[in-house]
Amino acid sequence: MPDDTSTLRTPSVHNPDFPNLHLLDHPLIQHKLSLARRIDTPTIQFRRLLKEISLLMGYEITRTLPLEHHAIDTPLETMQAPMIQGKKVAVVAILRAGLGMTSGLHELMPSAREGHIGLYRDPETKRPVEYLVKLPEPEGRLFILVDPMLATGHSAAYAIDVLNRHGVADANIRFMALVAAPEGLAVLREAHPGVPVYAAALDRELDDHAYIRPGLGDAGDRLFGTK
Ligand SMILES: O=P(O)(O)OC[C@H]1O[C@H](OP(=O)(O)OP(=O)(O)O)[C@H](O)[C@@H]1O
Ligand SMILES: O=c1cc[nH]c(=O)[nH]1
Ligand SMILES: [Mg+2]
């Protein structure tokens, strides 16, 4: 039986205006995010920073993962040792930019499965358009959905709808972003109030093109060197 770890809480900043948001304010996360935001940070460094930030965020958001005890032999005796149910985690990237956040999480949880939800935002409507869905079996699994940018929130809400249709309940989903906009947090809270959002920053607003300000630009383009 899993131990009850629900009383362990992820250290994060709580904002009463956004009860679904857990802001991860660890200095290393904040420093690396600032480097990633800079316009003169090239793709090679941006990619590396995303991986490092995801690993650090992953360390924080996995704090509440259930442990179970297994008998192990130390050199001196047998003991019941706590171990994570590692096989029971799935990392799901919203393509493309979410791909920049998966490898950091796999460093922490090498046996986690990986799924992909391909979405792009239509430049006119600003609404997500689906082009691929490939997901691991949902049974008994925690799904960590990753995408660096939570702007209008419609891509994240759509991806969670996809997970729901696949058989994953909101209670088994955590959403991890680098930068969140107030508008996106509100949309996500309305659509999926039971899904916690972990982010490194809550930015000021969306601009007329639904880009996050101050933001970091187009995360997918910066990650893959496209335009
Ligand atoms: O919250 P939203 O307003 O829906 O916007 C956020 C989405 O926009 C970006 O993807 P984009 O459409 O640029 O696709 P890409 O990752 O392939 O570049 C980003 O990676 C999110 O998926
Ligand atoms: O600021 C934004 C908004 C949407 N998608 C991005 O990549 N950046
Ligand atoms: Mg993009």
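Colleague: What share of the contacts in the protein with a separation of 6 or more comes from residues 24 or more positions apart?

Modeller: This is a predicted model, where local features need pLDDT of at least 70, side-chain atom pairs count only at pLDDT 80 or more, and totals for chains, interfaces and linings use all residues. Residues are numbered from 1 along each chain as its sequence is written, while chains are lettered from A and ligands numbered from 1 in the order in which they are written. Two residues are in contact if their C-beta atoms, placed from the backbone, lie within 7 Å. Among contacts with a separation of 6 or more, the share from residues 24 or more positions apart is 64%.

Colleague: Is alanine 219 buried or exposed?

Modeller: A residue is buried if 20 or more other C-beta atoms lie within 10 Å of its own, exposed if 12 or fewer, and partly exposed in between, with C-beta atoms placed from the backbone. Alanine 219 has 25 other C-beta atoms within 10 Å, so the class is buried.

Colleague: Which residues is alanine 219 in contact with, leaving aside its neighbours within four places in sequence?

Modeller: The UniProt annotation "binding site", from an unreviewed entry, includes Ala219. Beyond the neighbours within four places in sequence, the contacts of alanine 219 are Ala97, Pro148 and Met149.

Conventions:
UniProt positions are given in the numbering used here, feature names are shortened, and annotations may be inferred rather than shown by experiment.
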